[in-house]
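Please look through the sequence and the three-dimensional model shown here before reading on. The briefing below then takes up one topic at a time.

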Amino acid sequence: VVCVASIFIIIIIIVIIMSVKSSTSSSSSSSSSSSLKKLKWGALDKVVETFVTRLKRREIRGSSAVATNTAELLRTIVSRAQFEDVGELMDTVRLVGRKLQLGNPMELCIGNIARRVLYIIRQETAHLLKVQKANKQRSDEAKQYDVGGVSLHKLLDEPAQSDVDLAKQSSEVDMVKLKQPICEEITELIDEIKNVRSQISELAVEHIHAKETILTFGLSRTVIEFLKEAAKLREFQVYVCESNPSFSGQTMALKLAQEVDVMTTCITDSAVYAIMPTVNKVIIGTHAVMADGSLVCYTGGRNITEAAKAHSVPVVVVVGLYKLCPLYADENSFNTLQAPSEILRFEQALIDKVNVENPAYDYIPPDLVSLYVTNFGGHNPSYIYRLLAEYYDPEDYEL
């Protein structure tokens, strides 16, 4: 009896040990899977944080570079992260867009790219839903024909199909099938950003004629490529404002003289009004185009456009559509102050008597702009609202 009891006790102990091991292994496997999931999201989050840090430190300069890097980051998130439905995907893109925008609030192209990606998601989701719905209808009709056909009365009485409702039907979308076309569209967006300058420069001959005098300011690669393409078939001369206090206009004048090989004259900013009567056209770049057709450009642009209006000189703005922003601006918004030492050196005796403001940007109202030359043709400022509908969804104007 004692032996039987001891054997019974040993069996019970073995069963308890096996159950403890199985529970431990299951808990460890679940914890490891959760840690893997956490590691995957942590890696993406680290990429986002690194990009935000680079934006804060101004390591990425230029709207084109910022827009390209933003689109590549969003493509990585869409392709690598796992999402339960379209709503979670769009919320993630909005969250990342807001986070990146806070890294450098004046780089408005960050929000523009996030809105373009959201628009792509909406379009591809709508297309996939329509395909799925059409396939389902064909299969249902095939079953009905097998049973006994469909009556003409039923076909005529069937209500018309309305546009897909993403909010109600997003759960029906196959996320695996949706990711690939979204990533392909984002890749096309990246290629569009990279080819903006070449596409705009193809229109140069239509806007610059022989023996004209062009006025520009600051340093803009888009303007340089635009003038370089026109110089292949046209002979003209260029005035460049020096753009004090950065003096980027001096660098612009040197590049035009060396790369474009046109007669270039660098003038002071104060000479704009005096030189304007001899100018045929003002061609400038910009930092952002706002919803009402106004623009935010680097300091010095407002002075030039006001002088151009006073002398009835047309102002042409060359800009890629990735800089088109669905927000509104005024003279006090979307601006930042730079170091006052660029204008007035620090002197202890003047610190309590002089207030120095050095704004980085100028606001130019739409009535001072004659034409926008984009990578998809020329447009009047009054046409900007139509372009917004083609590139953004109204629900995404506010991220």
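The model is predicted, and the protein chain has an average pLDDT of 84, with 81% of the residues scoring at least 70. The chain contains 14 helices and 10 strands, and 42% of its 399 residues are buried.

**Confidence**

- Over residues 20-40 the pLDDT stays under 50, and for this stretch the model has 2 contacts beyond four places in sequence.
- Residues 154-164 also have a pLDDT that stays under 50, and there the model has 8 contacts beyond four places in sequence.
- Where pLDDT is low, the predicted coordinates should not be read in detail.

**Overall fold and surface**

- Among the contacts in the protein chain with a separation of 6 or more, 80% are between residues 24 or more positions apart.
- The protein chain exposes about 21900 Å², of which carbon and sulfur atoms supply 55%.

- In soluble globular proteins, nonpolar side chains tend to be buried together.
- The largest nonpolar core has 65 residues, and Leu100, Ile113, Leu227 and Ile283 are the ones that touch the most other members; helix α4, which covers residues 109-147, gives the most to this core, with 10 residues.
- Leaving aside residues up to four places away in sequence, Ile283 touches several residues, among them Ile208, Ile214, Phe226, Leu227 and Val316.
- A second, separate core is made of 33 residues, including Leu295, Val313, Ile364 and Val369.

- Which residues are buried in helix α13 (residues 301-310)? They are Gly301, Ile304, Thr305, Ala307 and Ala308, and because they cover an arc of only 160 degrees around the axis, they lie on the same side of α13.
- Ser312 follows α13 and has a positive phi, near 55 degrees.
- Thr222 lies in helix α10, which runs over residues 221-231, and this threonine counts as buried because its relative accessible area is 13%, below the cut-off of 20%.
- Not counting residues up to four places away in sequence, Thr222 touches Arg197, Ile200 and Val318.

**Loops and backbone angles**

- In the loop between β2 (237-241) and α11 (248-260) one finds Pro245, which a cis peptide bond joins to Asn244, with omega at about 10 degrees.
- Ser243 is also found in the loop between β2 and α11; its phi is near 60 degrees, a positive value in a residue other than glycine, and with a relative accessible area of 6% Ser243 is buried.
- Lys211 has its place in the loop between α9 (204-207) and β1 (213-217), and although Lys211 is not a glycine, its phi is positive, at about 65 degrees.
- Is Lys211 buried or exposed? Lys211 is exposed, because its relative accessible area is 62%, and the cut-off for exposed is over 50%.

**Cysteines**

- A disulfide is a covalent bond between the sulfur atoms of two cysteines.
- How many disulfides does the structure hold? The structure holds 0 disulfides.
- The cysteine sulfur closest to that of Cys266 belongs to Cys241 and is 8.1 Å away, which is too far for a bond, because a disulfide needs the two sulfur atoms within 2.5 Å.
- Cys325 is likewise in no disulfide, and the nearest cysteine sulfur, that of Cys109, is 9.8 Å away.
- Cys266 is partly exposed, with a relative accessible area of 37%, whereas Cys325 counts as buried at 1% relative accessibility.

Definitions and conventions
Residues numbered from 1 in each chain as written. Heavy atoms only, no water. Buried < 20%, exposed > 50% of the residue type's maximum accessible area, 1.4 Å probe, protein only. Helix = DSSP H or I, 4+ residues; strand = E, 2+ residues; numbered from the N terminus. Contact = heavy atoms within 4.5 Å. Areas by Shrake-Rupley, 256 points an atom, 1.4 Å probe, with all protein chains shown as cover. Arc of directions from axis to C-beta. pLDDT = per-residue confidence, 0-100. Core = buried A, V, L, I, M, F, W, Y, C linked by side-chain atoms within 4.5 Å.
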